[in-house]
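My entries are below, in the order in which I looked things up.

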Amino acid sequence: GCSALGNLASGNDIKTAVVCQDGIELVLKAMTEFSSHENLQSYGCLALRNLASRNDDNKKAIASQGGLELVLKAMKLFPYCEYIQLWGPLALQNMADGNDKKKISIARQAGIELVLKAMKAVPYHEEI
């Protein structure tokens with residue numbers, strides 16, 4: 001589910017359809033209920049990354065439902081998972097883009113340190 005949504009949610013029309021069918025809530029619920037499942041967490045980060053990209057309403061919805069915290073938690077729990085360490089920081093970037101309060105919130109939750117660790121963990125990815 002999260003894998004499919006992550007890949008499908010790159011276009012604005014698809015994002016709208018996903019949100020209208022409670023897609024954000026379902027991704028966050030899955031990440032909460034299966035916090036020890038590495039693959040689910042990585043695809044959850046991908047889905048949140050794409051859903052938050054260039055969509056202020058989605059950014060707000062994700063953040064208001066604990067999405068920032070879930071991405072940070074996944075990054076902490078799986079420091080050597082290549083995809084979490086790639087898609088997690090990108091999800092944080094998209095969620096915080098243009099919002100200083102979210103940037104401060106990420107920093108206060110050790111987000112800067114986690115992003116720096118991600119850069120060291122997967123240095124060969126140019127997106128980080």
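**Ground rules.** I am working with a predicted model, in which local features need pLDDT of at least 70, side-chain atom pairs count only at pLDDT 80 or more, and totals for chains, interfaces and linings use all residues. Residues are numbered from 1 along each chain as its sequence is written, and side-chain values use heavy atoms, with hydrogens and water left out.

**Whole chain.** I looked up the secondary structure and found nine helices and zero strands. Here helices are DSSP runs of H or I with at least four residues, strands are runs of E with at least two, and both are numbered from the N terminus. I then checked the radius of gyration: at 13 Å it is close to the 14 Å that the globule rule gives for 128 residues, so the protein is as compact as a globular protein of that length. The radius is taken over C-alpha atoms, and the rule is 2.2 Å times the number of residues to the power 0.38. Along the principal axes, the C-alpha atoms fill a box of roughly 35 × 30 × 25 Å.

I noted that 45% of the 128 residues count as buried. Buried means under 20% relative accessible area, exposed means over 50%, and partly exposed lies in between (1.4 Å probe, protein chains only). The exposed surface comes to about 7,100 Å², with carbon and sulfur atoms supplying 52% of it. Those areas come from the Shrake-Rupley method with a 1.4 Å probe; for residues, only the protein chains shown count as cover.

I also looked at contacts, meaning heavy atoms within 4.5 Å. Among contacts between residues at least 6 apart in sequence, 68% join residues at least 24 apart.

**Helix α6.** I listed the buried residues of α6 as G67, L68, L70, V71, L72, A74 and M75. They pack against α3, α4, α5, α7, α8 and α9.

**Helix α9.** Which residues of helix α9 are buried? I found G111, L114 and A118, in a helix that covers residues 111-121. Seen down the axis of α9, they fall within an arc of 60 degrees, so they line one face of the helix. The arc is that of the directions from the helix axis to the C-beta atoms. The buried residues of α9 pack against α6 (67-77), α7 (82-96) and α8 (100-108). On the face turned away from the buried side I found I112, K117 and K120 exposed.

**Helix α5.** In α5 the buried residues are N58, K59, I62 and A63. They span an arc of 125 degrees when seen down the axis of α5, so they too line one face of the helix. Their cover includes α2, α3, α4, α6, α7 and α8. D56, D57, K60 and S64 are exposed on the other side of α5.

I placed Q41 in helix α4, residues 38-52. Is Q41 buried or exposed? I recorded Q41 as buried, with a relative accessible area of 2%. Not counting residues up to four places away in sequence, Q41 touches A30, M31, F34, S35, L70, A74, F78 and I84.

C45 is also in helix α4, and at 0% relative accessibility C45 counts as buried. Leaving aside neighbours within four places in sequence, I found C45 in contact with M31, V71, A74, W87, G88 and A91.

**L90.** L90 lies in helix α7 and counts as buried at 8% relative accessibility. I checked L90 against N50: they are 40 residues apart along the chain, and their C-alpha atoms are separated by 9.0 Å.

**Loops with positive phi.** D22 is not a glycine, yet its phi is positive, at about 65 degrees. I placed D22 in the loop between α2 (12-20) and α3, where D22 is partly exposed, with a relative accessible area of 45%. R54 is another residue other than glycine with a positive phi, near 55 degrees. R54 is found in the loop between α4 and α5 and counts as exposed at 79% relative accessibility.
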